[in-house]
Amino acid sequence: MTVEQARLPIGLFDSGVGGLTVLKALRQRMPCEDMLYLGDTARLPYGTKSSETIARYALQATSKLVERRIKLLVVACNTATSVALDTLREAYPGIPVIGVVEPGAQASCRASLQGRIAVIATESTIRGCAYHKAIHRLRPQAHIVGQACPLFVPLAEEGWVDGPIAESIAARYLDPIFKPASGSDRVETPDCLVLGCTHFPLLARAIRNVIGPDVVIVDSAATTAFAVHQELDARGLIHPQHGDDCGTTRFLTTDDVPRFARTGGLFLGTPIAPDEVELVDL
């Protein structure tokens, strides 16, 4: 690969701002890489759409990033990863494509001592059993329970990530799994919980308060960043570093720039100025 290719940005897309948790992990691991992030906020959420619609949206988002020239694509959306990863790889064979499901599955298999794993995600991700399949490829004897948590996405987008409202909704979803009715066998409750949506890490405190301190919570962002670093290194695409020169990040959104900047800052952990965000049409 050429030095010019190595200097191209890493492209990421998500249905909204949740994928910024992956961008944050990439920044921490590879601070000299340039990043180009697209949040398709006009069509949020993907998780309630049909597989055909999700695949079409994913192709359109990827096309916009490829137009700007990228060296690697991160599908920073569990729903799009579970539905459209193979479609994107077929459509763009010259660009490495990495999703968030496989790294999250690998992390859960390492974290679970007893092989009892719970996965929470959007309706589409749970319906497609993407995590079930990925975990079983690595650990065939694992016992997996999936739970769709569709209200977590709007809660995260609104910034209602802790307190009584968030915890009561989390309890409604998670109590049947982690606090079974009296007389049930508590030994069979999961020892690992996978946050199978990039929005869900913002609700980690509320989730932790519901499930207790003993369950390992797995967030695929850090493991995805590791997978990206490995792929770039294998292809000779690590950005050439010169002194203290660090990478830049550009943001694209399909709707409401001020809202993207305001909410996105919560996910990224640092402020985003509206003039750093470009409005685009897919």
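Where in the chain is the place of Pro 45?

Modeller: The structure is a predicted model, in which local features need pLDDT of at least 70 and side-chain atom pairs count only at pLDDT 80 or more, while totals for chains, interfaces and linings use all residues. Residues are numbered from 1 along each chain as its sequence is written, and side-chain values use heavy atoms, with hydrogens and water left out.

Pro 45 belongs to the loop that joins strand S2 (35-39) to helix H3 (51-67); helices (H or I, at least four residues) and strands (E, at least two) are DSSP runs, numbered from the N terminus. The peptide bond that leads from Leu 44 into Pro 45 is cis, and its omega is near -5 degrees. Most peptide bonds are trans.

The model holds 2 cavities of 30 Å³ or more. On a 1 Å grid over the protein atoms alone, a cavity is a set of points where a 1.4 Å probe fits but cannot get out, whereas a pocket is an open set with protein on both sides within 12 Å along at least five of seven lines; lining residues have an atom within 4 Å of a point. Grid points are joined across faces, edges and corners, and a volume is the space filled by probe spheres set on the points. The second largest cavity has a volume of about 30 Å³. Pro 45 lines this second largest cavity together with Gly 47, Thr 48, Thr 122, Glu 123, Pro 150 and Val 153.

Thr 122 leads on to the other cavity. The largest cavity has a volume of about 90 Å³. Its lining is made up of 14 residues, and those closest to its centre are Ser 15, Cys 77, Thr 79, Thr 122 and Cys 197.

The phi of Cys 129 is near 55 degrees, a positive value in a residue other than glycine. Cys 129 counts as partly exposed because its relative accessible area is 30% (buried means under 20%, exposed over 50%, partly exposed in between, with a 1.4 Å probe and protein chains only).

Arg 69 is not a glycine, yet its phi is positive, at about 75 degrees. Arg 69 is partly exposed, since its relative accessible area is 42%. Most residues other than glycine have a negative phi.

Helix H7 brings in the largest pocket, to which H7 supplies at least two lining residues, as do helix H4 (78-91), strand S4 (97-99), helix H5 (101-111) and H11. The largest pocket has a volume of about 440 Å³. Among its 24 lining residues, Thr 81, Leu 85, Val 101, Glu 102 and Arg 137 are the closest to its centre. H4 provides the largest share of this lining, 8 residues. Ser 220 is found in helix H11 (residues 220-234), and Ser 220 counts as buried because its relative accessibility is 3%.
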